[in-house]
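Subject: Structure for you to look at

Hello,

Here is the structure I said I would pass on. My notes on what was found follow below it.

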Amino acid sequence: MMQFMLLFSRQGKLRLQKWYVAHPDKLKKKITRELITTVLARKPKMCSFLEWKDVKVVYKRYASLYFCCAMEQEDNELLTLELIHRYVELLDKYFGSVCELDIIFNFEKAYFILDELVLGGELQETSKKNVLKAIAAQDLLQEEETPQGFFEDHGLG
Amino acid sequence: MRGLAVFISDIRNCKSKEAEIKRINKELANIRSKFKGDKTLDGYQKKKYVCKLLFIFLLGHDIDFGHMEAVNLLSSNKYSEKQIGYLFISVLVNTNSDLIKLIIQSIKNDLQSRNPIHVNLALQCIANIGSKDMAEAFGTEIPKLLVSGDTMDVVKQSAALCLLRLFRKSPEIIPGGEWTSRIIHLLNDPHMGVVTAATSLIDALVKKNPDEYKGCVTLAVARLSRIVTASYTDLQDYTYYFVPAPWLSVKLLRLLQNYTPPSEEPGVKGRLTECLETIFNKAQEPPKSKKVQHSNAKNAVLFEAISLIIHNDSEANLLVRACNQLGQFLSNRETNLRYLALESMCHLATSEFSHEAVKKHQEVVILSMKMEKDVSVRQQAVDLLYAMCDKTNAEEIVQEMLAYLETADYSIREEMVLKVAILAEKYATDFTWYVDVILNLIRIAGDYVSEEVWYRVIQIVINREEVQAYAAKTVFEALQAPTCHENMVKVGGYILGEFGNLIAGDTKSSPQVQFELLHSKYHLCSAATRALLLSTYIKLVNLFPEIKNRVQEVFRADSNLRSADVELQQRASEYLQLSIVASSDVLATVLEEMPAFPERESSILAVLKKKKPGRIPDEVRDSKSPQPSITPAVPINSTNNTNSSSADLLGLSTPPGTIATTGNGLLDVLGDLYTTPKISPNTVQQNNIKKFLFKNNGVLFENDLIQIGVKSEYRQNLGRIGLFYGNKTQFPIQNVHPELHWTDLNKLNVQMKPMEPVLEAGAQIQQMLTAECIEDFTDAPVMSVSFSYNNVPQKITMKLPLTLNKFFEPTEMNGESFFARWKNLGGEQQRAQKIFKAQGSIDLAATRTKLAGFGMQLLDGIDPNPDNFVCAGIVHTRIQQVGCLMRLEPNKQAQMFRLTVRSSKESVSQEICNLLADQF
């Protein structure tokens, strides 16, 4: 089971965090801080897995962003790497050549896509098509709504 | 939401941390006033502000308002508003928040929606929070959604994982009964996504209740077989870079690891073996793509298959094939693969079937240890060398590890030192080699040699006469180096103090030379070492009266007699007086050679286990590589163990002050002195199983948090064991999860009933275990209980009081038949005998009480000597009954016992004899 997933930049800025275990906020912050420092200190050719406290950390860097998952001991490391890759593929497909800025400005979408892929720390749907279909259905619902924000957004409200 | 985008841009444009905080505070004030203002906000505005709050929170700032507005969004009829409300709640709300009660109604409404997208939103929220309240509120609804025929596939997937999350919190929500088979049959679902989600759920259910869900094995094997034989076009979008359904394959392989062996049915077993072979064959095929995703997915399945093979540990050819495959990976270009191959081989090394095959890769592994660029890979190589070490390759491996230690990373040195020390001790056939290795360790990595390591070498030298002269000579030579590590001075000081006389004949190491050599290091050492050296000096006075004057001079020196350090001052003045006042007889008695230490598990091993819980391979190979036979242990004089002043005089222990700063309850050689049981994560506790030899009820384990009591009863070859878990604290203990391990799987069968994972404050709950003795066995099962207290994971490990004697049926018989049987059982293969020293003074009444609780019938008036005890009993096992006779003869003068056990089966005689030895 995945315990948490973190996305952070090369500068150590946290871009997304998703926790599947209940920790107090203080502990979450501590873990995040320590793990980011640990991962950033590693060199490029190093192994993508590390034993860290009582979890197994699997991480991979895509351009300026690190994707980092904390798994339990019996989880499969290589497949966790591919789970990260699948998530990146989904983001890429949805945003069209995703970059860090897309995730910053549309963090809620990044969450929604992750929720379709992983639920409660377990992989839910591995088919790229099915996940994108689910997200498309959500977007459709949103478009059908009256574009109430239109006027406000353009300062007419 | 333009406002949000503007805000995010503003934050990104902030030049400094201060500017960012200022901008955020401004926004927070704005939002607060909007929320508090009279004007009612519409859904869009609420959504926008809630989203901004969420963004601020994700930047790392605390958010203490806005929750109610988010809750309001849940009941919005606009999906986008609802979705943001749910997101805010799942990111910001903790499981124990009062808010949860407020949102349950909204979730209920959405669960009943006809729109599957709304239903999924609700399910995702439940799975994200997964609190007890939620389990109560939705415990009946979600299982229905999962198995109902009308539910859409996407909803089923979410329902399965949602249920899994709630099950982890409150295991009782799974209905059981007819549901079991319906849940298992989800493995047959035509939709791959449903199967993938359901497999995770079933895996958790199986862990809790393996018997009830046994039916899943056949289905899982069938499904796996269909996947591994599928071509990559068959599964369409579930094929990942030409690998058919890797995630589902891995989950199925994991599921099968819950059973040993996965199936008794030959058909299923055969089919599984075919699957595993197919996976191996595919690994040999040329890759269908050059992309790393292809090889990762393919190898992920392969590694999981190997895990299953290791878990089953029964098919020699598969194990060897796994080993060869991993051997190829050892020289792969990908660091990740090398890392995993080393890790997986570590497990293979502990199987008797593949141990030899692993050893073939020794050279490559040694190269990995030396050449890998990544320290975590080097660490794996060290672990593997440790696991693959046995009598045949110990010298070479230890040599290589020593050589590598000179340049090894600081982060792994301490652990390597422990490993080298353990291997050297375990596989030493010649103890001079052992002494050399440890002295080399100190020379190369003195700073990383912990107290336990040098205590241990002294323990061993003291207990083994044949190595004492060699040890004295070697430390003497080592001390001649111009710079030597303080640990070397300690070992040297101790050993020369005890055995310096053995090398004093040589003029090059005459008493004067020995003393001056040691004393030349004195001024460079810490107070603790100086204290030890002072003790050495007085011992030298005893061994060599001719240097008395010179030593007295040292004691008298101001730096000692008036030392600012109280301990040194006291030692100097007391030793000085002792050397003046005492006659040579008294001196010889006071400073008599140290008695041998009691043999126990190497204290170093305990340290290593503590450092890396769960990563020290179990000793599967004990039969092949026995511990070096140790000279019979003479129990240590009790005053040495309990009376600290006498121990101090002997100078082995450092003063309590020093221990307290470094001490964390490690077992040192005088361990009983300073052990301080501390609660730390992953405490490994060894309870004294021996006391349960003679009784069935009592407290098995206790610390500040938890008490585990046991009550058991046995009939024939069956036993019922009740464990009582008591929470001693004011807070609930969570995720209580006991697990059993034992090696004699086919000799002893133990089933554990599931138990509540939560132990409320002050509460006690009971768990039942049933045991069946199939054949006589030696190893009692080890139970490890993991739980979390205050969110800190804890682990306790203890032996279950389940020993062979529990399956005794007492047998009455008269003297005539006793002696007739005794004589019949006179063969070499039937007898076992041990002579051992009494624990204290011999107490016949106490011995009698103990024997009465052991399980055999005490037979009075049979032995002509009234002090002797004879007993008879039958050991019940499923496959046979073994009659067993026992005679225990106390010898009051010598304070010794002689124990003889005779039975029709050699292993039974041995085991009963081993159990009873040293017990009286």
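**Nonpolar cores**

The largest nonpolar core has 275 residues, and those touching the most other members are A:Y87, A:F107, B:I107 and B:Y537. Please keep in mind that this is a predicted model.

Leaving aside residues up to four places away in sequence, B:Y537 touches B:F515, B:L518, B:H519, B:Y522, B:V551, B:V554 and B:F555. Another core lies apart from the largest one and holds 61 residues. Among them are B:I733, B:C773, B:L858 and B:F920.

**Where chain A meets chain B**

The contact between the chains involves 64 residues of chain A and 77 residues of chain B. Together the two chains bury about 6300 Å², with 53% of that area on carbon and sulfur atoms.

On the polar side, 29 residue pairs are in polar contact between chain A and chain B, counting pairs with both residues at pLDDT 80 or more. There are also 5 salt bridges between chain A and chain B. A salt bridge joins the side chains of A:E122 and B:R168, with an N to O distance of 3.0 Å.

Which element of chain A gives the most to the side that touches chain B? That is helix α2 of chain A (residues 77–95), which supplies 9 residues. Sorted by class, the side of chain A that touches chain B consists of 27 charged, 21 nonpolar and 16 polar residues.

Regards

Definitions and conventions
Residues numbered from 1 in each chain as written. Chains lettered and ligands numbered in written order. Predicted model: local features only at pLDDT ≥ 70, side-chain atom pairs only at ≥ 80, totals over all residues. Heavy atoms only, no water. Contact = heavy atoms within 4.5 Å. Buried area = accessible area lost by both parts, 1.4 Å probe. Salt bridge = Lys/Arg side-chain N within 4 Å of Asp/Glu carboxyl O. Polar contact = N/O pair within 3.5 Å; in protein donor to acceptor, adjacent residues only side chain to side chain. Helix = DSSP H or I, 4+ residues; strand = E, 2+ residues; numbered from the N terminus. Nonpolar A, V, L, I, M, F, W, Y, C, P; charged D, E, K, R; others polar. Core = buried A, V, L, I, M, F, W, Y, C linked by side-chain atoms within 4.5 Å. Buried < 20%, exposed > 50% of the residue type's maximum accessible area, 1.4 Å probe, protein only.
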